[in-house]
Amino acid sequence: MQYPYLLFDADDTLFDFPKASARAFSAMCLANDIPDTPEDRQLYHRINQELWAAFDRGEISKEALTLERFVQFLQALGLSRDPAQCNRDYLAALGEGVFPLPHAEAVCRELVRRGHKLYIVTNAVASVQRSRLQGSVFAELITDAFISEDAGASKPDPAYYDYVRSRVPGLTAENSLVIGDSTATDIRGANNAGLPCCWYNPRGISRPEDLRIDYEIRDLRQLLDIV
C-alpha cells in the first residue's frame, strides 16, 4: 500500500457543492422574501466566488466573508433585509445538503476495505461541514475531519497541514496523499506542505504550470489504481 493516509477535500471532491448551494440559496430566498431568479443566483455566485478568492489570499476572515457576501448581495439588489439572518438561513440549509458526487461513496468504501485511513481536509464553514458529514454516508468511513477554523490556519497555508500532521500520528510525506479539486487551495496547499497530491479534475481544465501535480484523475474511480 503506497499511501495508507488519504487526505480528501470535501466540497467538489466528495460532495456536490453546487447542488447543495443552489438548494440552500432557494431556501434562504424563500425564508427572507427575496426573488429567486437565475440572475440573482448568478449575482450571488459572483460575489461569493470573489470573496472566497480573497479568503484564499488571506485578505478576509471566513466569519467576515460569510456575512459580507449577503451584505453585498442585498445592496446590489437594493433590498432591505438582514444579511446576518440571510447568512444563518443559508448556512443552516447548506448543512442539510448531503449530495455525494458520482462514485464517491463506492470509492471510499473500497479504500477503507483495503485498509486506508481517510481524512477530510477542508476550509469550509465548520458548522456546515460537521452537519453535512454527520448526515452523510461518509460518517462511518472518515477517520477524522480537519476544518480550518479549528486549525487556526487554512489551505494553502503550510500551518494548516502542520495542524493535520500533529493529529495524525505516523503521517509523513511518503505515506500520505492529498486529493482535491482546487489548484488554489488543495494542490498549492499540498505543494506548500511538501505532500504528494492528486488533482481531481473532472472538467479537464488545463494544468497550471507553476504547481507540482503528482497525479491527475477525472473520475474518482481512477484513484483506486493510484493508492
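**Note on the predicted model: pockets, sheet and local backbone features**

1. Pro-83 lies in helix H4, where helices (H or I, at least four residues) and strands (E, at least two) are DSSP runs, numbered from the N terminus. The model is predicted: local features need pLDDT of at least 70, side-chain atom pairs count only at pLDDT 80 or more, and totals for chains, interfaces and linings use all residues. Residues are numbered from 1 along each chain as its sequence is written, and side-chain values use heavy atoms, with hydrogens and water left out.

2. Not counting residues up to four places away in sequence, Pro-83 touches Leu-67, Phe-70, Val-71 and Leu-74, contact meaning heavy atoms within 4.5 Å.

3. The largest pocket has a volume of about 1,200 Å³. On a 1 Å grid over the protein atoms alone, a pocket is an open set of points with protein on both sides within 12 Å along at least five of seven lines, whereas a cavity is a set of points where a 1.4 Å probe fits but cannot get out; lining residues have an atom within 4 Å of a point. Grid points are joined across faces, edges and corners, and a volume is the space filled by probe spheres set on the points.

4. The lining of the largest pocket comprises 40 residues, of which Asp-11, Asp-12, Phe-17, Gln-49 and Asp-181 are the closest to the centre. Two or more lining residues come from each of helix H1 (17-32), helix H2 (38-56), helix H4 (83-95), helix H6 (126-134), helix H9 (183-193) and strand E5 (197-200). H2 supplies the largest share, eight residues. By class, this lining has 18 nonpolar, ten polar and twelve charged residues; Ala, Val, Leu, Ile, Met, Phe, Trp, Tyr, Cys and Pro count as nonpolar, Asp, Glu, Lys and Arg as charged, and the others, Gly among them, as polar.

5. The second largest pocket holds about 180 Å³ of space. Its lining includes Phe-55, Lys-62, Asn-87, Val-125 and Ser-154. Helix H3 (62-77), H4 and helix H7 (148-151) each contribute at least two residues to this lining, and H3 gives the most, with three. Three nonpolar, four polar and three charged residues make up the lining of the second largest pocket.

6. Six strands form an open sheet with parallel pairing, in the order E3-E2-E1-E4-E5-E6; two strands pair if DSSP finds at least two bridges between them. Strand E3 (142-147) and strand E6 (215-217) are at the edges with a single partner strand each, so one side of each is left without a neighbour in the sheet. On average, neighbouring strands are turned by 20° against each other, direction ignored. Axes are lines fitted to C-alpha atoms, for helices over the stretch in contact, and angles run from 0 to 180 degrees between N-to-C directions.

7. Strand E2 (residues 117-122) runs parallel to E3 and is joined to E3 by five bridges; Tyr-119 stands opposite Asp-144 in E3. E2, H6 and E3 make a right-handed β-α-β unit, right-handed meaning that, with the strands pointing away from the viewer, the path from the first strand over the helix to the second runs clockwise. E5 and E6 run parallel and are joined by three bridges, and Tyr-200 has Ile-217 in E6 as bridge partner. H9 lies across strand E4 (176-180) and E5, at about 170° to E5.

8. Two backbone details deserve mention. Most residues other than glycine have a negative phi, and most peptide bonds are trans. Asp-12, in the loop between strand E1 (5-8) and H1, has a positive phi near 70°. The peptide bond joining Lys-155 and Pro-156 is cis, with omega about 10°; Pro-156 is found in the loop between H7 and helix H8 (158-167).
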